[in-house]
Structures are given as C-alpha cells and as structure tokens.
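Hello,

Here is the structure we discussed, with sequence and coordinates below. My notes follow; please read them with the model open.

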Amino acid sequence: MTLVFTTVMDEMSRGLVDEDEDAEAAPTDRAYWEKRATKGTVTLADDLLGIVRQFDPSLELKYNKFYIGLSRDGQPYNFVTFRPKKSHLNLDVKLPQTEEFDAKIEEAGIETLEYNKRWSTYRLRLTKEQVKSKVDLLRELMQLAYERRAS
C-alpha cells in the first residue's frame with residue numbers, strides 16, 4: 001500500500017491589499033493612532049501625505065489597526081504605509097531592493113530597518129527633522145513607488 005500526495009491548491013499572497021482585508025475587521029481612526037503613538041508622529045504621516053498629494057491629490061489617509069495606509073476613492077492604494085511610534089515614524093515604501101536605492105538612503109543618513117522581502121518594501125525610520133530635511137529623497141522614493149503601483 002502506498003500514499004500519493006497531490007497539491008490541490010496553493011495559497012498566493014497578493015501584496016499589501018491583503019493586509020487591508022485583515023485590518024478592516026478592526027477599523028480604527030486618527031484618535032486611536034494618536035493614543036497609540038503621539039500626535040506629533042501622526043502629524044508626520046500628514047506631512048508625508050502632503051508630499052504624496054503633489055503627484056496624486058486624490059489620495060487620503062486610511063487608518064488601519066496595524067498601519068496607516070492610503071486610499072483613493074475609498075479603495076486601498078498602498079504603495080507606501082506609515083507606522084507612527086512614540087518618537088518616530090516608520091515609513092514602508094514598496095520598491096524593489098537595489099544598490100541605487102540603498103546608496104541614496106544611506107547617503108541621506110536615514111536609518112533603515114531590515115528590507116521586507118515578503119512585501120518588497122524599504123522600511124525607513126524617520127524623525128520629524130528628517131521628514132522636513134529629506135523631502136526631496138522621500139518624494140523621489142514615494143513617487144517611484146507610486147509609478148510602479150500605477151503601471
């Protein structure tokens with residue numbers, strides 16, 4: 001007697017949109033994030049939204065349980081996500097890992113967390129001063145991620 005195993009169905013991850021489906025089960029709002037982090041670090045998400053709106057004015061913040069994402073016309077549109085903390089904000093930018101991006105980020109002196117291979121995202125740890133002083137680099141990275149998402 002023998003057993004033959006056959007894979008009938010594999011699970012396939014579709015990216016950041018799947019995270020939204022999990023987060024919708026526990027909707028949150030700005031007050032939740034201001035309590036979980038601080039008003040100052042949540043304001044950094046507003047500042048970064050201002051940069052993103054320079055190339056797509058229709059985007060808005062979407063408050064989820066585990067992160068603050070973006071939405072367009074009420075639908076998730078996450079090419080970047082924000083995770084406010086007590087003293088800083090973690091910015092996730094959905095871009096492929098390249099030496100060029102690594103060099104630009106390192107040259108700017110922005111602290112990076114481990115590159116997330118599962119979601120193909122750069123994870124940047126930003127302070128208020130860096131959001132103000134590194135606007136050009138942040139705009140470039142977010143715009144590239146936006147263009148990749150739109151194509």
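F55 is buried, at 17% relative accessibility (buried means under 20% relative accessible area, exposed over 50%, partly exposed in between; 1.4 Å probe, protein chains only). This is a predicted model: local features need pLDDT of at least 70, side-chain atom pairs count only at pLDDT 80 or more, and totals for chains, interfaces and linings use all residues. Residues are numbered from 1 along each chain as its sequence is written, and side-chain values use heavy atoms, with hydrogens and water left out.

Aromatic pairs

The whole structure holds seven aromatic pairs (rings of Phe, Tyr and Trp, its six-membered ring, with centres within 6.5 Å; planes under 30 degrees apart are stacked, over 60 edge-to-face, the rest tilted). One of them joins F55 and Y146, and it is tilted: 5.2 Å centre to centre, 55° between the planes. The pair links distant parts of the chain, 91 residues apart. F55 is in the loop between helix 3 (39–52) and strand 1 (59–63), and Y146 is in helix 6 (residues 135–150). Helices (H or I, at least four residues) and strands (E, at least two) are DSSP runs, numbered from the N terminus. Y146 is also buried, with a relative accessible area of 14%.

F55 and Y146 belong to one aromatic cluster with Y77 and F79. Two arginines sit over the ring of Y77: R72 at 4.0 Å from the ring centre, and R149 at 4.3 Å. The test is NZ of Lys or CZ of Arg within 6 Å of the ring centre and within 35 degrees of the ring normal.

P76 is in strand 3 (residues 75–76). P76 is buried, at 16%. Its C-alpha atom is 9.6 Å from that of L59, 17 residues apart along the chain.

T121 is in strand 7 (residues 121–126) and is buried, at 3%. Leaving out residues up to four places away in sequence, T121 touches D92, V93, K94, L95, Y115 and N116 (contact: heavy atoms within 4.5 Å).

Helix 4

Which residues of helix 4 (residues 99–108) are buried? They are F101, I105 and A108. Seen down the helix axis, they fall within an arc of 65°, so they line one face of helix 4 (the arc is that of the directions from the helix axis to the C-beta atoms). Their cover includes strand 6 (111–112), strand 7 and helix 6. On the other side, E99, E106 and E107 are exposed. Just after helix 4, G109 takes a positive phi of about 75°.

Best wishes
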